[in-house]
Amino acid sequence: MNWDTYRYFLAVAEEGSLSKAARRLSVSQPTVGRQIAELEQRTGTVLFNRASHGYFLTDAGTQILQNVQSISSEFAAVEQRLEGLDKEFSGRIRISTTEGFGAYWLTRKLTEFQTQYPQIVFELLLDVQPLDPRRREADIAVRINDPKHDTMIGRVAGQVGFGFYLSTAYIDRFGCPETPDRLKYHKFIDWNHNGNGFILTSTLRQIVGPADVVLKTDTVAAQIQAVRSGAGILFAPHYMVSQFPDTHLLFNETLSGSADLWVLTYKELQNTPKVRAVLDFLFDAIKADQEFLAHGLP
């Protein structure tokens with residue numbers, strides 16, 4: 001079995017196209033196509049249905065996908081175990097979390113950690129959508145709400161609070177809603193995220209209903225700029241917005257929500273000295289900053 005060929009199969013199966021798989025693997029699109037064709041020729045089995053809008057697994061491809069994913073996970077686990085043999089507090093640690101949490105809280109905390117362990121190099125993987133833990137792209141994940149998967153272990157480190165924020169510029173343009181039932185007459189900034197169960201968008205819909213959304217973006221920097229410039233009201237974590245002096249929390253915490261903040265890693269990494277040191281640091285830092293994370297700045 002040539003695992004390298006199955007690596008191409010897995011990328012196409014999970015990404016749904018040759019071009020996306022090529023970007024993921026950092027190779028050319030023709031290389032991916034050639035590897036898939038060679039695999040199908042060698043096995044005598046058609047694994048994908050080709051369409052103008054992507055590659056889709058055949059029944060045969062679907063039957064082997066789970067096995068290939070399992071093998072991929074095992075290869076990644078071996079690499080992580082080898083990295084874990086290094087008992088020194090040095091080397092790379094990859095942390096996956098949301099863009100807002102990474103930019104507005106985690107980055108400065110990791111800088112504090114590096115004053116004690118300057119040989120640790122951090123890679124932050126920041127996105128609204130969580131990484132697929134089977135790919136083992138990160139050593140540690142910090143997630144809002146229960147991550148609901150079996151491949152990583154961890155616990156709740158604290159609470160994150162949310163609220164409706166608007167700026168002085170917005171008040172000057174449109175006024176300030178005096179009561180929650182007046183929110184429906186105002187303008188909103190939303191997250192450009194279509195996944196089911198995304199807590200910020202779903203909560204906005206529950207509280208506001210058919211809100212007048214004037215801007216959607218999945219980039220936190222754009223959201224911050226939009227709310228500060230007066231484009232609309234933003235439902236966001238306190239840690240992300242409360243630190244700006246020209247923004248204001250509506251209704252104190254009458255309509256604020258909250259969620260658990262989870263810190264996770266893989267079982268085989270949890271006692272690796274450098275990973276253990278980062279995990280302990282994160283738990284302590286979140287506990288020390290719990291008031292800010294849950295309620296923001298006064």
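## Aromatic pairs

The structure holds twelve aromatic pairs, where rings of Phe, Tyr and Trp (its six-membered ring) pair if their centres lie within 6.5 Å, and planes under 30 degrees apart count as stacked, over 60 as edge-to-face and the rest as tilted. One of these pairs joins F48 and Y55, which is tilted, with 5.8 Å centre to centre and 55° between the planes. F48 counts as buried at 2% relative accessibility, and Y55 counts as buried at 17%; buried means under 20% relative accessible area, exposed over 50%, and partly exposed in between (1.4 Å probe, protein chains only).

The rings of F113 and Y117 have their centres 4.9 Å apart and their planes at 35°, so this pair is tilted. F113 is buried, with a relative accessible area of 3%, and ring pairs link F113, Y117, F122 and F281 into a cluster.

## How the model is read

This is a predicted model, in which local features need pLDDT of at least 70 and side-chain atom pairs count only at pLDDT 80 or more, while totals for chains, interfaces and linings use all residues. Residues are numbered from 1 along each chain as its sequence is written, and side-chain values use heavy atoms, with hydrogens and water left out.

## Charges over rings

The charged end of R7 sits over the ring of Y8, 5.2 Å from its centre, a description that applies if NZ of Lys or CZ of Arg is within 6 Å of the ring centre and within 35 degrees of the ring normal. R155 lies over the face of F283, at 3.7 Å from the ring centre.

## Helix α5

Helix α5 covers residues 99–116; helices (H or I, at least four residues) and strands (E, at least two) are DSSP runs, numbered from the N terminus. Its 18 residues should span 26 Å at 1.5 Å a residue, and its end C-alpha atoms are 25 Å apart, which agrees; the expected span is 1.5 Å times one less than the number of residues.

A kink of about 50° in α5 is centred on L106, the bend at a residue being the angle between axes fitted to the seven residues ending there and the seven starting there. The buried residues of α5 include W105, L106 and F113.

## Two loop residues

S26 lies in the loop between α2 (18–25) and α3 (29–43), and S26 counts as exposed at 64% relative accessibility. Most residues other than glycine have a negative phi, yet S26, which is not a glycine, has a positive phi of about 60°.

D146 lies in the loop between β5 (140–144) and β6 (153–167), and at 40% relative accessibility D146 counts as partly exposed.
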